[in-house]
Structure formats: C-alpha cells, structure tokens
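Me: I want to check some labels on this structure. Take me through the terms and the values behind them.

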Amino acid sequence: MILSDTLLRETRLRFPSFNEGRIEITPIEKGGSARKFYRIQFSPGHSIVLLKYNDDAAENTRYVEIAEFLVESGIRAPKIYFHDPAEGLIWLEDLGESDLWSYRDEKWEARRPLYQNALAEVKKLHRLPAHEPAAIRLQLAAQFDAGLYLWEQHYFFENCLGRYFGMSETDLHSLGELAALRQIADRLAGFARVLVHRDFQSQNVIIRDGAAYLIDFQGMRPGLAEYDVASLLYDPYVRLRPEERSELVEFYLVGGETRRADFIEKLKLCAMQRLMQALGAYGYLGLVRGNKSFLDHIPAALHSLGEVTAEIPGLDSLGQMLRRLRAA
C-alpha cells in the first residue's frame, strides 16, 4: 500500500530510535472527518497516532496549536510530537482506544466518575480567559454569535428536515421564520463567552487510567459553557436518564458562581442548538458524504430535541412537527 509505505518512511525518519524491528500501521476508523488516523505500533505497549490530512490546512494547523495550548494550560489532551504541514502529517500521543462512549453499557455507578472527570476537565477550559488571543497564540474558529446559532438552526432544517425527511420548502421556511428561534439566537449571543470545546461528546473524550482526555478540539472557540455541558448530557450516542443528567449538572455547578436556575435555562437552549447542529450533521454526513451510519443516530437525537423544545416557549409548531416525525 503506497500510503502505508509513505507513512512508514516518514515515521522512521522522525523516530530514528525505532528504526530497528517491525512497525505496524493500523487505520483508526472513527468519526465523520475527512482526516485519516493511524495507530503506529513500534512494540507491545509502545505506539503513537499519526494524523493525515489533505485539505483545510488552517484547521489542522489550529488543531496542533490548540493541542499545545491545552497541554500548556494543564488540560489533558494528546501531546504533539511532530507536525509536517507540507505533507499534511501530525504525529501525536496515543491515548488508547477507550473513549467515554465505550463505557455506555456499564452501570451508572461505574460511568458516573468518568463523566464527572470529563466535566471537571472541560471546566478547566471554561475557566480560561476567552478574549486573550495574544496569550493563547491561536487563530480560533468563528465564535458563537447570533449568526452561528442561526446557522445551526438552518443546518438542521436543510439537512435533517429537508434532505432526510423530505419536508417541503414552504414548511421549512415557515418553521425557520419562527420568532422564538431568532430570539433564542440573540439571547444566547448576549451572554459572556468562555472558551468551549464545541464538540464535547462521548466519542471525543478518551479515558486512560480513569482520567479523561479531550480530543477533536479543533473547533474550539469562544462560546457558552452550557453548550459543552449540553453536548455531553444530551449526546445522541449515549442516552442518559434525567436523574443522571441532574447529578452531572449539580457536579458541574459545584464551586462555581452561576445560579442553578440561570444555568438550567441556558442549558436547555444550548441543548436545542446542539441537537439541531448534530441532526444537521447526521443528515449531511449520511446523505451527502455517504456515511450512512450517521443516519442511525437521528431517532435518538430527534427524541431528545423533542423533549427539550417542549420546555421552550414559542416553539409549539416545531414541537408538533417533531412529534409527528417521531411517531412516523
């Protein structure tokens, strides 16, 4: 395989101490990214991960910068060993294969500390300054403003309701023009922002020796902490019971200054936004990119979106439509 030969040659060049003996390269199949990940095994218990990208060099350069920034800030993330932008190659620490998602069938008593550890880690990020680009030396992605929240809503309408469910343009336009949706976007955009992961779900948290590590953080930007918390607590990949969500909310709030009622209100709005974004992504990745496995997650995400929107004033017509889709 030409690609494997290239990767092997480039790896041996940068890790000369491992030139002796056999090196095994195994593809890591995960996620919907166009980037390719490979596990490079030098010997039992000694491996690294190689990331190969072909496009969006800015995003992948940002990945390296953010990883280094997180490690420098005391937040657990993979260490970067080498980055070759000319070849589109990044060698990074291998954190193992156990993500939070892989514990989904364990009893809550076993999963609770893992979720708490993940929340504690992302909370470190939320407590860092959001508006000091000189200090963090990053060119972050576009921050969460009203425009980005509206984009998430329309991404859902276009790729999930339209592309997947075949809803008419007239019905899509009617739902998209709901005044409450614009008001939610404006309201969320009006709150003070912190640094957020942006895709903080169970498959983007690696568990190693009981400790949580953040991965796939290239979308990091200024936003709301509640968005990250909602991404984990309303994760379509792992359904949490209401009482489990409540436990995790209480854990996250310990030692903070946010009033519980204010946090819960923003959490529901952020959960709506996050689920819309996820549903839009599932439709796009499944039908445009051809990765049909993402379509399997639409029912769970749609169910959660229905539950969340039922508690938000002004979204009755959207809620009725979601109930019809779920019934069908």
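Me: How many cavities of 30 Å³ or more does a search of the whole structure find?

Reply: One. This is a predicted model, where local features need pLDDT of at least 70, side-chain atom pairs count only at pLDDT 80 or more, and totals for chains, interfaces and linings use all residues. Residues are numbered from 1 along each chain as its sequence is written, and side-chain values use heavy atoms, with hydrogens and water left out.

Me: What makes a set of points a cavity and not a pocket?

Reply: Escape. On a 1 Å grid over the protein atoms alone, a cavity is a set of points where a 1.4 Å probe fits but cannot get out. A pocket is an open set with protein on both sides within 12 Å along at least five of seven lines.

Me: What is the volume of the largest cavity, and which residues line it?

Reply: The volume is about 50 Å³, counted as the space filled by probe spheres set on grid points joined across faces, edges and corners. Lining residues have an atom within 4 Å of a point. Among them are Leu233, Tyr234, Asp235, Arg239 and Ser304. The lining divides into six nonpolar, one polar and three charged residues.

Me: Which residues of the second largest pocket are closest to its centre?

Reply: His126, Val194, Ala225, Tyr252 and Thr258, out of 17 lining residues. The pocket's volume is about 410 Å³. Its lining has seven nonpolar, four polar and six charged residues.

Me: Why is Asn159 called buried?

Reply: Its relative accessible area is 2%. Buried means under 20%, exposed over 50%, partly exposed in between (1.4 Å probe, protein chains only). So Asn159 counts as buried.

Me: What makes the Asn159–Arg163 pair a polar contact?

Reply: The two side chains make that contact at 2.9 Å. The term needs a pair of N or O atoms within 3.5 Å; within protein, one must be able to donate a hydrogen and the other to accept it, and residues adjacent in sequence count only if both atoms are side-chain atoms. The 2.9 Å distance therefore falls within the cut-off.

Me: How do you know that the buried residues of helix 6 share a side?

Reply: Leu172, Leu175 and Gly176 are buried in helix 6 (residues 169–176). They cover an arc of only 95 degrees around the axis, which puts them on the same side. The arc is that of the directions from the helix axis to the C-beta atoms. The face turned away carries the exposed residues Thr170 and His173.

How values were computed:
Helices (H or I, at least four residues) and strands (E, at least two) are DSSP runs, numbered from the N terminus. Ala, Val, Leu, Ile, Met, Phe, Trp, Tyr, Cys and Pro count as nonpolar, Asp, Glu, Lys and Arg as charged, and the others, Gly among them, as polar.
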